[in-house]
Amino acid sequence: MQVTMTVNGTEYTREIEGRMLLVHFLRDVLSLTGTHWGCDTSNCGVCVVWLDGEPVKSCTVLAAMAGGHEVRTVEGLANGAELDPIQEGFRQCHGLQCGFCTPGMLMTCRALLDKNPDPTEGEIREAISGQICRCTGYSSIIRSVRWAAVHESDAKEAEVAQA
Amino acid sequence: MQVPAPFEYERATSVDQAIGLLERLGSSARLVAGGHSLLPMMKLRLANFEYLIDINPLHSELGYIRLGDDEVRIGAMTRHRELLESEILADVFPIFRDAEKVIADPIVRNRGTLGGSLCQADPSEDLSAVCTTLDASCVIRGTAGERVVTMEEFHVGPYETAVQDNEILTEIRIPRKNFRAGSAYAKVERRAGDWAVVSAGAAVWLDDGRIVDARVGLAAVGPNTTGIPEISAALRGNEPSEDLFQLAGAIAARSCDPSTDTRGSADYKRHLADELTRRTLRTAVERARS
């Protein structure tokens, strides 16, 4: 079957099997290997991408289901060489060690900050409760999200001050 | 790599068109909503179909929460996140928000639906216990029209429902009673987002300080979620008290039929059925009074 979807702003049309999962479509067909493929059972969350602006586990969504919809992956976060504040937060606060869970964490935390620009530690823990990190013990991930929240709000205030 | 066996993907454009497809394709086809129960089963080849009909496009038709004077109607495509965030539902039946907070995780809740949860008919499934507690009925549509069944009729057995091959669950209806109402849900799980070791829901209706009606529903202690009419009979007409909750807990423990598995021993699960019944009744009464 043929599927057409927009990924990070670019429209792609490809011939696929109906049973192909979105995670494999992104990685194997579009070569967007930033999205990781982990437990395959929607438990670990390394495959989180956005579907129409909402985080979903792409190992449990058919590529065909995303047809006609908009997908955003970790490759769509940075603006050229300029990292998204959430990426910069992970860099500043050691939000990763091995990096395997990072793409999913980034997509979930970006969505969290878009909805809730000033999340508490509890709200961050709840947001990432469907994702597993075996390196950090989560504390540095939480610090990373807080870093991004604080720096985004500072940046906004600076913009307002300039205007 | 886990992938489902090959199938043809079809996309529904309306409820009637989906029923037409089911009528034509029969038992070789299955509807998929959020997919977070069905796709994992298909990956494990526990479920295999020649056709999969994607009903996500029906969210605009079947995703709603409508508050009426005598009942609340919820569309089958209403997603977990929508149930969790609905202020209307939290106000009328707070049991939904209690349950949704502990169903899977926020990302899965973005996709999973009420109808999909009920149709999976897993004995540990939380929304089935909520709907059993609230005495909900299920609207099932086919070419011949609609029929409405109770939760007891809906769940035929584990992973088996009254929905036939050429039918679709479209709506859940929950009766409202003209009394002070309170409801609550509690679950014991091994880790965040897991299936219940045991969970319990309770709903009470008070008039003049006395219990006019009360219902308890349990998950993970039998082949299907279990409503316990004996508890309702024991509570009706009485003033709420710790002694009464204790009695209800004891009835719950002896009325359920848990089995020993990796989540716990049958004895432990009976203990939980008792304890969670008491806790949820206590909270439901507090809410009905406030």
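In this predicted model, Trp50(A) stands opposite Arg72(A) of strand E5 of chain A. Strand E5 covers residues 70–72 of chain A, and two bridges join it to E3(A) in an antiparallel run. Trp50(A) also has a bridge partner in E4(A), namely Pro55(A). E3(A) and E4(A) run antiparallel as well, and four bridges join them.

What lies between E3(A) and E4(A) in the hairpin that they form? There are two residues between the strands, and Asp52(A) in the turn has a positive phi of about 50°.

Strand E3, residues 48–51 of chain A, is covered on both faces. In a regular strand the side chains alternate between the two faces of the sheet. On one side of E3(A) are Val48(A) and Trp50(A), on the other Val49(A) and Leu51(A), and all four are buried. A residue is taken as buried when 20 or more other C-beta atoms lie within 10 Å of its own. By this criterion, buried residues make up 45% of the 163 residues in chain A.

Chain A as a whole has five helices and five strands. Along the sequence, these follow the pattern β-β-α-β-β-β-α-α-α-α. The radius of gyration of chain A is 16 Å, close to the 15 Å given by the globule rule for 163 residues, so chain A is as compact as a globular protein of that length. The C-alpha trace of chain A spans about 50 × 40 × 25 Å along its principal axes. Of the contacts in chain A between residues at least 6 apart in sequence, 60% join residues at least 24 apart.

The next topic is the contact between the two chains. It takes 24 residues from chain A and 24 residues from chain B. On the side of chain A that touches chain B, the elements that give two or more residues are strand E4 (54–57) and helix H4 (121–127) of chain A. By class, the side of chain A that touches chain B has ten nonpolar, eight polar and six charged residues.

For chain B, the domain assignment gives domain 1 (8–58), domain 2 (59–175) and domain 3 (180–289). The C-alpha centres of domain 2 and domain 3 of chain B lie 20 Å apart. Their contact takes 24 residues from domain 2 of chain B and 25 residues from domain 3 of chain B. On the side of domain 2 of chain B that touches domain 3 of chain B, helix H6 (95–101), helix H9 (126–133) and strand E8 (155–157) of chain B each supply at least two residues. Which element gives the most to this side of domain 2 of chain B? It is H9(B), with six residues. By class, the side of domain 2 of chain B that touches domain 3 of chain B has twelve nonpolar, six polar and six charged residues.

One sheet of chain B is open and has five strands in the order E4-E5-E10-E6-E7, with antiparallel pairing. Its edge strands are strand E4 (65–67) and strand E7 (145–150) of chain B, each of which pairs on one side only. From one strand to the next, the twist averages 20°. Within this sheet, five bridges join strand E6 (residues 137–142) of chain B to strand E10 (residues 168–175) of chain B, and the two run antiparallel. Ile140(B) stands opposite Leu169(B) in E10(B). Helix H1 (residues 15–25) of chain B lies across E6 and E10 of chain B, running at about 125° to E10(B).

Another open sheet of chain B is formed by four strands in the order E11-E12-E13-E14, also with antiparallel pairing. Strand E11 (180–189) and strand E14 (226–227) of chain B stand at the edges with a single partner strand each, so one side of each has no neighbour in the sheet. Strand E12 (residues 196–207) and strand E13 (residues 210–219) of chain B run antiparallel and are joined by nine bridges. Ser199(B) stands opposite Ala219(B) in E13(B). Helix H13 (residues 266–289) of chain B lies across E11, E12 and E13 of chain B, at about 35° to E12(B).

Note on methods: Residues numbered from 1 in each chain as written. Chains lettered and ligands numbered in written order. Predicted model: local features only at pLDDT ≥ 70, side-chain atom pairs only at ≥ 80, totals over all residues. Rg over C-alpha atoms; globule rule 2.2 N^0.38 Å. Buried ≥ 20, exposed ≤ 12 C-beta atoms within 10 Å, placed from the backbone. Contact = placed C-beta atoms within 7 Å. Nonpolar A, V, L, I, M, F, W, Y, C, P; charged D, E, K, R; others polar. Domains from an automatic or database assignment. Pairing = 2+ DSSP bridges. Axes fitted to C-alpha atoms, helices over the stretch in contact; angles between N-to-C directions.
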